[in-house]
Amino acid sequence: MKVVALLLLSAALLAAGCSSRAAGSREDATGAGPDRVKGTAGGPRQIAARTRRAVVQVADEVRGATGEHARSLSALAARPPGLGNRGLSGGNGAFTRFIDHGSRQSRWIDGALGGVSTLTGVASETTEADMQWALLRMTGPRLQAAMLGALLLATWVDFLQLADAVLRQCPAYSVERLFVELRRVQGRMEPTLTALASLDAERVEAAATAMPELMGQLTREFGSIQEGARVAMERREQLLTAMQFMEMLTLVSALKMSLPRLPPAAPASLGVGLVMGSGGVMVGSRVVVSAEWVEAMRRLVQAGVISVPVVSAAVRIHGGQVLMAQASGDLPPGVRDALGDGPEVRAMHETGRAGAGMSEAPRHHVLPREHREWFEQRGFTGAMDIDQFCVRLEAAQHQAIHGGGNWRLGRTWPGEWNRMIMEALREAEAEAGRKLTRNNILNIVAERMKFYDVPMSFTPGRRR
Amino acid sequence: MTGGRSWQGDWKARLCERVRERGYDSLTAFAEARPAIPLVELAEELGRDDIAGVQVLSGLLAEAEQRKQVTRFVRDVLVRQLSLTLPDGWPVVMDDESRFQVAKALGCWSADTPDTHKDRVRQARAALRATPPPPGWRPLGPDDELLRTLLPDEEA
């Protein structure tokens with residue numbers, strides 16, 4: 001078992017998930033240290049443009065990886081069964097459901113990435129810097145869900161490849177047992193996948209935080225199937241020796257090696273930590289995520305697009321540190337710094353998401369629901385649906401806005417905001433003599449939000 | 001002006017206090033000393049993080065009602081809106097973008113006008129469409145001549 005003792009990730013996953021292939025991002029990746037991102041270089045517009053490129057870069061990488069996984073799934077489905085009708089495509093179609101499960105994941109990931117494209121597209125045409133930021137931040141939950149969903153999809157594809165190999169090469173392994181095992185693995189992944197697919201910021205983050213532990217469980221499941229296959233082979237004294245079989249399994253060319261290898265009897269040493277090196281985040285001499293990826297992440301973390309816990313989880317998973325019981329789940333300080341973590345970022349994250357109990361504050365549609373159709377006719381659909389444009393306001397803020405006393409404020413939230421914004425939009429449209437474009441509307445809304453001091457930070461609300 | 005702090009606490013008291021601190025006995029006097037400055041900028045001067053533009057608007061309206069100068073107030077709101085949206089004055093070239101900026105300014109003006117004056121503002125807008133102001137027009141206060149013909153005082 002010593003051969004599989006190395007805590008290794010194959011280069012395949014890294015190429016799919018982490019490395020930067022976007023040559024165009026090179027120029028701004030090299031020149032931008034943390035200070036520059038914090039605002040000393042360029043105006044908010046240039047920083048927003050760099051953030052947008054980072055979003056696009058990460059989305060493209062995830063898209064590339066999921067595309068590859070989808071092709072692996074098709075290949076598995078199309079591969080004719082082997083001897084004794086064994087293989088994922090054989091067995092009277094009993095295993096087809098597992099392949100379908102993978103395809104369903106790849107579909108929602110594509111959908112999430114589609115939303116990211118829409119939002120970055122709109123952001124690129126938006127002149128209001130604050131609105132541009134707000135739109136880029138809206139990509140966050142989608143991007144994070146897609147990143148982590150792609151990791152789980154890679155893992156699932158690995159399980160399917162393993163199952164296919166076991167079915168074909170290891171007739172002593174019971175088909176029923178393998179079926180039960182795959183169903184159990186699917187069940188383990190299910191809650192996390194559901195949370196990710198919801199694209200809800202808080203659920204995605206909770207799922208992300210728990211993901212290293214899940215990956216640890218999956219690693220043990222993977223190891224247990226491998227071990228079971230080896231034992232079955234030994235008992236039957238099959239043609240291949242057990243050792244040869246294990247080697248063959250690890251050589252299955254399509255295996256993504258998304259999971260770290262089970263450590264030898266001794267638990268993984270905490271001393272083998274992640275460090276920030278010149279090439280990226282490293283374990284020993286091995287790069288687990290590239291410097292370009294770290295740079296993109298740093299930018300996104302500092303812009304408030306993605307959160308530190310999510311990036312930390314991704315790095316730990318890539319680093320194979322899913323078996324270590326790190327109570328805090330924290331990365332070493334050097335790596336955290338490189339990823340843009342810091343008190344300011346944490347504070348921003350808190351205010352943006354849940355600061356001062358704001359996560360409990362009721363959500364209000366900025367674009368009034370009663371006029372949903374009007375907005376739909378002007379392009380507010382899909383990722384730009386008016387339900388995506390909600391803000392959280394404290395009850396106290398409401399009462400304050402309701403005013404009273406001898407100053408008849410004449411503006412009450414949300415009723416009066418609705419009336420005001422619709423009047424501004426409709427009268428502007430009448431004045432322009434044509435339908436307002438989606439960007440026109442965002443431009444007016446951004447100006448009015450500033451006028452009312454409504455925080456330009458959107459969270460999805462519920463459709464009613 | 002991005003944290004929503006403007007609505008915490010007693011914002012009216014805060015607004016009055018800031019005006020007095022700056023040596024004015026009314027918000028109107030404070031605003032008159034800063035003609036054609038957008039309301040968001042007045043708000044920023046009074047409290048960078050805790051006064052909203054619409055609160056200044058609301059305070060100015062309350063004072064205008066007491067002084068029976070609402071029409072003048074409505075003209076002043078347009079002046080400040082135009083300086084925000086069209087800082088270089090009325091567009092010289094009416095392309096799609098400048099037409100939108102004009103539309104935005106006038107749309108917001110209507111929305112900020114009290115119900116008592118909405119009809120008159122609508123008529124004023126129609127007059128502006130029929131006879132556009134000269135390119136570069138940039139009213140510097142509520143007593144601008146063109147504005148006073150568009151929306152003459154009634155209260156006097």
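**Figure 1. Contacts of Val55(A) in the predicted model.** Leaving aside residues up to four places away in sequence, Val55(A) touches Val116(A), Thr120(A), Leu136(A), Thr139(A), Leu143(A), Leu300(A) and Val305(A). The structure is a predicted model. Val55(A) is also among the residues with the most contacts inside the largest nonpolar core, together with Val166(A) and Leu300(A). That core holds 162 residues. Helix 6 of chain A is its biggest contributor, giving 25 residues. In soluble globular proteins, nonpolar side chains tend to be buried together.

**Figure 2. The domain contact in chain A.** Domain 1 of chain A covers 2–267, and domain 2 covers 363–451. Across the contact, 11 residues of domain 1 meet 9 residues of domain 2. On the domain 1 side, helix 5 (96–125) and helix 6 (129–169) of chain A each supply at least two residues. Helix 5 of chain A gives the most, with 5 residues. By type, the domain 1 side divides into 4 nonpolar, 4 polar and 3 charged residues.

**Figure 3. Asn85(A), a loop residue with positive phi.** Asn85(A) sits in the loop between helix 4 (44–78) and helix 5 of chain A. Its phi is near 55°, a positive value in a residue other than glycine. Most residues other than glycine have a negative phi. Is Asn85(A) buried or partly exposed? Asn85(A) has 13 other C-beta atoms within 10 Å, so it is partly exposed. A residue needs 20 or more such atoms to be buried, and 12 or fewer to be exposed.

**Figure 4. Leu199(A), a buried loop residue with positive phi.** Leu199(A) lies in the loop between helix 7 (175–197) and helix 8 (201–236) of chain A. Phi of Leu199(A) is near 60°, again positive in a residue other than glycine. Leu199(A) has 23 other C-beta atoms within 10 Å and is therefore buried.

**Figure 5. The fold of chain B.** Chain B has 8 helices and 0 strands. From the N terminus on, its elements run α-α-α-α-α-α-α-α. Along its principal axes, the C-alpha trace spans about 45 × 35 × 25 Å. How does the radius of gyration of chain B fit a compact globule? A compact globule of 156 residues would have a radius near 15 Å; chain B has 16 Å, which agrees. Buried residues make up 44% of the 156 residues in chain B. Among contacts with a separation of 6 or more, 67% join residues 24 or more positions apart.

**Figure 6. Helix 5 of chain B.** This helix runs over residues 70–85. At 1.5 Å a residue, its 16 residues should span 22 Å; the end C-alpha atoms are 22 Å apart, so the span agrees. The helix is mostly covered, with 14 of its 16 residues buried.

**Figure 7. The domain contact in chain B.** Domain 1 of chain B covers 5–67, and domain 2 covers 70–150. Their centres, taken over C-alpha atoms, are separated by 22 Å. Here 11 residues of domain 1 are in contact with 12 residues of domain 2. On the domain 1 side, helix 3 (39–46) and helix 4 (53–67) of chain B are the elements giving two or more residues. Helix 4 of chain B gives the most, with 5 residues. The domain 1 side divides into 10 nonpolar, no polar and 1 charged.

Note on methods
Residues numbered from 1 in each chain as written. Chains lettered and ligands numbered in written order. Predicted model: local features only at pLDDT ≥ 70, side-chain atom pairs only at ≥ 80, totals over all residues. Domains from an automatic or database assignment. Contact = placed C-beta atoms within 7 Å. Helix = DSSP H or I, 4+ residues; strand = E, 2+ residues; numbered from the N terminus. Nonpolar A, V, L, I, M, F, W, Y, C, P; charged D, E, K, R; others polar. Expected span 1.5 Å × (residues − 1). Rg over C-alpha atoms; globule rule 2.2 N^0.38 Å. Core = buried A, V, L, I, M, F, W, Y, C linked by C-beta atoms within 7 Å.
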